[in-house]
Amino acid sequence: MTTSIANPHIAQSTGNHTISVYVTNKPGVLARIAQVFARRGYNIESLVVSPAMDGQFSRMTIGLSGNPEGMEQIIKQTSKLIDVLRCVDHTDEDAVTKELALVKIGAGAGQRAEVLQIGEHFGCKTVDLTDTSMILQCTGNSEKIDALIGMLGKFRIIELVRTGKVLMARGDGLT
Amino acid sequence: MSTTTTESKQKRASSNAPTPGLEVKGPAVSKQMLDGAQALVKGLEREGVEYIWGLSGGAAIPIFDAIVTTGTKIKLVLVRHEQGATHIADGYARVTGRPGVVLVTSGPGATNTVTGILTAHMDSVPMVVLTGQTISPMLGKDAFQEADVFGITMPVVKHSYLVKKTNDIPRIVKEAFHISNTGRPGPVLIDIPKDISSAPCTAELDPPMDLPGYNPVIPVDKARVMAIAEALRKAKRPVLLAGHGVLISRAWDSLRRLAETLQAPVTTTLLGKGAFPENHPLSLGMLGMHGTAYANKAMVECDLVMSIGSRYDDRIIGQAPKFCKDAVRIHIDIDAAEINKMIRVHHWCVGDAGEILDELTQHVQRLDTNDWLNHLNGYKKKFPLKYKKYGGLKMQYILDELDKLTGCNAIISTDVGQHQMWSAQFNKTTRPDGWLSSGGAGTMGYGFPAAIGAQFAKPKDQVWAVVGDGGFQMTMCELATAALHKLPVKVLVLNNHYLGMVRQWQELFFDNRESGVNLEGNPDFAKLAECYPGAKGFTLKRGADIRKILKRAMDYNDGPSVINAEVEKADNVYPMIPAGRAIEDMILEAPKYKMEKPTGST
Ligand SMILES: Cc1ncc(C[n+]2csc(CCOP(=O)(O)OP(=O)(O)O)c2C)c(N)n1
Ligand SMILES: [Mg+2]
């Protein structure tokens, strides 16, 4: 979902999907998956790869934008790869989605209080503080992080690093 | 003719000494002493490999050496170009249903296989390609003859391996063959660094596979089959569309039973030729861009279309939104990713074509298709495939005579171009292994080496390579391979002195502006053939000589023969559905008006 605040730091997210891929931890698997998306003109907006509970396998969470009509096809083509065990397109209804962001703001003594107040509202931690800058750490869904960045837009954002989304299926379902 | 030389070469080739003068007295290899390359050869033996087609080089020498030192029965065939090896393996695989095996060196040796790998990938042909690679510590450092062939081929393989540990070799070989020839078949590449193939292998030679993400066995979904049966029951004007999948699944008898039970007409794709006998009364022949008028008209008028093992590709459907838009559309395919890819279908079933067809046949009866079949027979009479026997020598005439002379009983392997389309039209395929052609990739240079592969697979059968003067020149160096192995492949070069198919497009869509299509400078192909010991060349210039010359080639079986057929230079293939147009826009003969440029790419 796009937020109404126009800000270059916010991932534009029309036709956004979050796909979870459970794969064997073998060389080349990421390249193969990336190729499936690239060939059909999908842009990978975010990508998180990490070992699964069973170390033989990895979990990839891929945030995508592109034509929703081709999504069914893309999922099937990804599932077809020999190293892929499962590939599921998740929605907010069936999965919990979170990401983490670090925001470095150029703020001296005069602005610090207001930044901290905004940070507190969004449940941020201040993980670094100097005379001229501070780093806020925020976790939550992407909309929340987009909103935080929107609010911080009136300050000088020096850097922004987002981890990209990770998700987990709700209830008993497998991710 | 130096038969003695040929014979001794032949003997050498079959006793597997790779290089003359390098007669290694191989010590008996004991299990404990195997190196990676020897374990690889043992793995190939376990998979029942008969032939390896290849060409050596530094990074592959240990593997070529292992073919000698293991004393394997697998026959190594030295080709003249690695692309040839892949197409030979492809032809062998299509005819036998078993993976063809290719062995090449790193760098340029490996990249020369890419076209053949693409060709196999597009047409779902099982193949295992073994490539030598620079030693592992040099990977990524631009070492001599290093090419990232694992990366280069990634989009055109079913799967691939870069071997990191010698002890993985037995498992990887087993997995490669399994992947390559189950589910929807395809090429698998194994890239083997030289230090890995040279190091000792202590692994078990028949290890379990480790493929948790791959399960090609899909049980038949009976509910879906019942839904298809129900749709068929209501059909008045059904058409069965058979593709390569019917052949891969070896489901030709199942298809025939279903068609005869239903009394439904059957059309095939280019690659489906052979899935249903083209001399059967229910056969409509091939459909698509240059398919028969009656097959294409049947697609326009049918009320139900059921594809079995075809992927409804762009040369079949023309314009997707208009294709069979008022008909019930059904798709049977082993690859779930093909369903709803090109067109939306009403019913589908994923799985093995033969199993699904057999299940389906149990739930259907004869349909009331008399009117429909009569109507289509009317089209067959009204719009037959035709050509003029007089005037310039026509490719169609030669192919039609070939069809009659062989009694539709030869294996025909074509190249790509006008001759391919006419061969598809006039060479009626009646046997499941009777037709080889590069469909998905449309690879010029495929036809002749693929025919060599077919001849290796079926030494006693008559194998014809129907090729153009353009495409033949891309891989004709394999004449040496065919001659050396005394393969009686018959090469029919339909020589129009043009890249004919491109010239046809330029004539029809680009105001006849010829650009880069004139093949002036062609050699005399008959003379050229005679340069190879044991090969024969023939020249065909007149319609009256067709039978005589074809028969001469048929009677010569001590090596390849090449017929240089000087045919009409500027004929065009019809029927034709211009690329990107709807089937309704099919033209049956030369258009009177200038045609719009096609919107489809090819
Ligand atoms: C490797 C390759 N290059 C280019 C093409 C494009 N192409 C398709 S048909 C054709 C002409 C083939 O000429 P020829 O082999 O003489 O056959 P003809 O059409 O004259 O029968 C060309 C160039 C191709 N299919 N494959
Ligand atoms: Mg030509």
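This is a predicted model: local features need pLDDT of at least 70, side-chain atom pairs count only at pLDDT 80 or more; totals for chains, interfaces and linings use all residues.

Colleague: Why is α12(B) called roughly parallel to α15(B)?

Modeller: Helix α12 (residues 252–262) and helix α15 (residues 353–361) of chain B pack at an angle of about 30°, with axes 9 Å apart. Angles under 35 degrees count as roughly parallel, so α12(B) is roughly parallel to α15(B). The crossing of α12(B) past α15(B) is left-handed, a term for a near helix turned anticlockwise from the far one by less than a right angle.

Colleague: Which residues of α12(B) and α15(B) meet?

Modeller: Among them are B:Leu255 and B:Leu258 in α12(B), and B:Leu357 and B:Leu360 in α15(B). Contact requires C-beta atoms, placed from the backbone, within 7 Å.

Colleague: How do you know that the span of helix α17 of chain B agrees with its number of residues?

Modeller: The expected span is 1.5 Å times one less than the number of residues. For the twelve residues of α17(B), 395–406, that should be 16 Å, and the end C-alpha atoms are 16 Å apart, so the two agree. After α17(B) comes B:Gly407, with a positive phi near 60°.

Colleague: What makes B:Tyr397 and B:Leu402 in α17(B) buried?

Modeller: A residue is buried if 20 or more other C-beta atoms lie within 10 Å of its own. B:Tyr397 and B:Leu402 are buried, as are others in α17(B), including B:Asp400 and B:Asp403. The cover over the buried residues of α17(B) includes α18 (418–426), β15 (463–468) and α24 (546–555) of chain B.

Colleague: How many residues does each chain bring to the contact?

Modeller: Chain B brings 14 residues and chain A brings 16. On the chain B side, ten are nonpolar, three polar and one charged.

Colleague: What is the pattern of chain A along the sequence?

Modeller: Chain A has four helices and nine strands, in the order β-α-β-β-α-β-β-α-β-β-α-β-β. Helices are DSSP runs (H or I, at least four residues), as are strands (E, at least two). Of the 175 residues in chain A, 28% are buried.

Methods:
Residues are numbered from 1 along each chain as its sequence is written. Chains are lettered from A and ligands numbered from 1 in the order in which they are written. Two residues are in contact if their C-beta atoms, placed from the backbone, lie within 7 Å. Ala, Val, Leu, Ile, Met, Phe, Trp, Tyr, Cys and Pro count as nonpolar, Asp, Glu, Lys and Arg as charged, and the others, Gly among them, as polar. A residue is buried if 20 or more other C-beta atoms lie within 10 Å of its own, exposed if 12 or fewer, and partly exposed in between; C-beta atoms are placed from the backbone. Axes are lines fitted to C-alpha atoms, for helices over the stretch in contact, and angles run from 0 to 180 degrees between N-to-C directions. Angles under 35 degrees count as roughly parallel, over 145 as roughly antiparallel, 65 to 115 as roughly perpendicular and the rest as oblique.
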